[in-house]
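Let's take a walk through this one together. Have the sequence and the 3D view open as you read.

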Amino acid sequence: MLFWLIIFISGWALSDGSETEPDFTWHLRRIPQVVSEKTIHLASPTFQADAGVAKATVCGIECQEALPTPSLSQLEDSLSYETVFENGTRTLTRVKVQGLVLEPSQNRSVKGARPRRRRQVYGTDSRFSILDKRFLTNFPFNTAVKLSTGCSGVLVSPNHVLTAAHCVHDGKDYVKGSKRLRVGVLKMRNKGGRKKRRGPKRSPRGAESDGQSQEHPQESTTQRPGKKSRRGQRVTQGRPSFQWTRVKSTHIPKGWARGENGDPALDYDYALLELKRAHKQQHMELGVSPDISKLPGGRIHFSGFDSDRDDQLVYRFCSVSEESNDLLYQYCDAEAGSTGSGIYLRLKEPGHKNWKRKIIAVYSGHQWVDVHGVQKDYNVAVRITPLKYSQICLWIHGNAANCAYG
C-alpha cells in the first residue's frame with residue numbers, strides 16, 4: 001500500500017495540471033572555483049565540546065532578505081577551512097574564489113508548501129523504518145552512515161562522508177569523541193548474529209516484491225512507529241550491525257568553526273570526513289541545490305539513524321515550506337540522530353531519459369527563526385550552493401580543476 005501511495009504522489013507531483021511539462025532536470029553549469037591559497041598550522045584542539053544540536057546564529061528568512069550581499073573577502077573568509085587529523089594536529093587553509101560574479105540583491109526567500117506548527121515530529125509520524133535487508137544494503141539507502149558521535153551522514157565518494165559540522169564541532173571546539181571519530185556502515189548479520197558469508201542461500205521469507213524501486217519499499221519492508229507485528233519482528237531477526245571505519249581527517253568551513261572570534265553561522269553547518277578505508281558500495285553524488293520550483297512536487301528525501309528508533313535506518317520525504325539562499329525550511333519528521341543526513345532529489349540527467357539522485361543539502365536540525373516578524377519553528381537544511389559545491393568538491397578531489405561544473 002505504501003509503495004502505491006508514493007508512486008501516486010510522485011505521479012501527481014510530475015503532472016501538476018499545467019499544459020507545460022515541468023523541467024525536472026539536472027542542469028550542469030560552470031560554477032565559481034574555490035582554490036586553496038595558503039595552509040598554516042594551528043594549535044591542536046582540546047576536543048572538549050559537548051555533542052548536541054546546532055547552536056548557531058540563525059538569521060531567519062526576513063533577516064536574510066535585509067542582509068547586504070557579502071563581499072568577496074567575506075565569502076573567502078567563510079569558505080576557508082580547518083582540517084583536523086586523526087593524530088590531533090590541525091591546519092587552516094585560506095582560499096580564493098575565482099570566477100564569481102556578485103549580484104547586488106542576492107538574498108531572497110521563496111514560500112512553498114503551507115507549514116505545520118509543531119516540533120521535529122509534526123503531528124502524525126510519517127517516518128518509515130527500513131527493515132528489509134534487500135533495501136538496507138542497496139542504493140540509495142546503503143549510502144546513509146552513522147557517526148560515533150551520534151549523528152548521521154552520507155557517502156559522497158568511496159572514502160568521503162558528508163555530514164553536519166555541529167556533529168563534530170560546536171563552533172568553538174571539537175566535540176568529545178571526535179578525535180577518534182568513526183563512521184558506521186550498515187551490514188547485515190544472519191540469525192545467529194554472525195556476519196553473512198559470501199554465497200549464502202537466499203532466505204525463503206519475504207522475497208515478495210522483486211523489481212520494485214529501491215527508494216519506495218512496500219509496507220512489508222518498512223515499519224511505522226507503534227506497529228510491532230509478527231511479520232515486522234521476523235523481518236528484523238537478521239538484525240543489521242555497523243561496520244566501523246576510522247576517520248582520517250575532517251574538513252570544516254571557517255564560517256562554522258569560528259573559535260573565539262564569533263558564533264558559528266548555520267549557513268555553514270556542514271563538514272566532510274575522509275575515511276581511512278574506502279567502501280565498495282555505491283555513493284551518492286553531489287548536486288547544486290535547485291529552487292523549490294525545480295523540485296518534483298516541492299519534495300525532498302533523506303534517510304538517517306534517528307535516536308528513537310534503536311539503530312534502525314529511517315526514511316522520510318516532505319515538501320519544502322520556505323527557502324533562502326543558503327537554507328531549506330521544511331517539516332520532515334526527524335529526531336535527534338538524523339542530523340547530518342544527506343538530503344537528495346531525483347531528477348533527469350541532461351540529454352538522457354534516466355533519472356539520477358544527488359545530494360543537494362545537509363539536514364541541520366530543528367530551529368526557531370524569525371519569518372516576516374513571527375517566530376516559527378522549522379527543521380532546517382543547509383543547501384549546497386555553487387560555492388559550497390565547489391568547496392566540498394575541492395575537499396574530495398584535492399584539485400579545483402575537477403570541480404568546474406556542478
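**Strands, a helix and some charged pairs**

In strand β16, Y329 sits opposite E322. Getting from β15 to β16 takes a hairpin of three residues. β16 also pairs with strand β19 (residues 374–383), again antiparallel, through four bridges. Here the partner of L328 is A381 in β19.

Now look at where the β16 side chains go. In a regular strand they alternate between the two faces of the sheet. In β16 (residues 327–330), L327 and Y329 point one way, while L328 and Q330 point the other, and all are buried.

The average pLDDT is 78, and 73% of the residues score at least 70. Where pLDDT is low, the predicted coordinates should not be read in detail.

Next, helix α6 (residues 386–397). Its 12 residues reach 16 Å from the first C-alpha to the last, close to the 16 Å expected. How many of those residues are buried? The count is 10 of 12, so the helix is mostly covered. Among the buried ones are K388, Y389 and W395. Just after α6, G398 takes a positive phi of about 75 degrees.

Finally, the charges: the structure holds 16 salt bridges. One of them links K96 and E76, with the closest N and O atoms 3.7 Å apart. K96 lies in strand β3 (residues 90–98) and E76 in helix α3 (residues 72–79), so the pair ties together parts that are 20 residues apart in sequence. K96 counts as partly exposed because its relative accessibility is 36%, whereas E76, at 10%, counts as buried.

E82 and R90 also meet in a salt bridge, at 3.1 Å from N to O, and both are buried. For K248 and E274 the closest N and O atoms are 4.0 Å apart. That pair connects strand β11 (residues 240–253) with strand β12 (residues 271–275), so it ties together parts 26 residues apart in sequence. K248 is partly exposed, at 42%. Elsewhere, D77, R94, K254 and R258 are linked in a network of salt bridges.

Conventions: Residues are numbered from 1 along each chain as its sequence is written. This is a predicted model: local features need pLDDT of at least 70, side-chain atom pairs count only at pLDDT 80 or more; totals for chains, interfaces and linings use all residues. Side-chain values use heavy atoms; hydrogens and water are left out. Buried means under 20% relative accessible area, exposed over 50%, partly exposed in between (1.4 Å probe, protein chains only). Helices (H or I, at least four residues) and strands (E, at least two) are DSSP runs, numbered from the N terminus. Two strands pair if DSSP finds at least two bridges between them. pLDDT is the predictor's confidence in each residue, from 0 to 100. The expected span of a helix is 1.5 Å times one less than its number of residues. A salt bridge is a side-chain nitrogen of Lys or Arg within 4 Å of a carboxyl oxygen of Asp or Glu.
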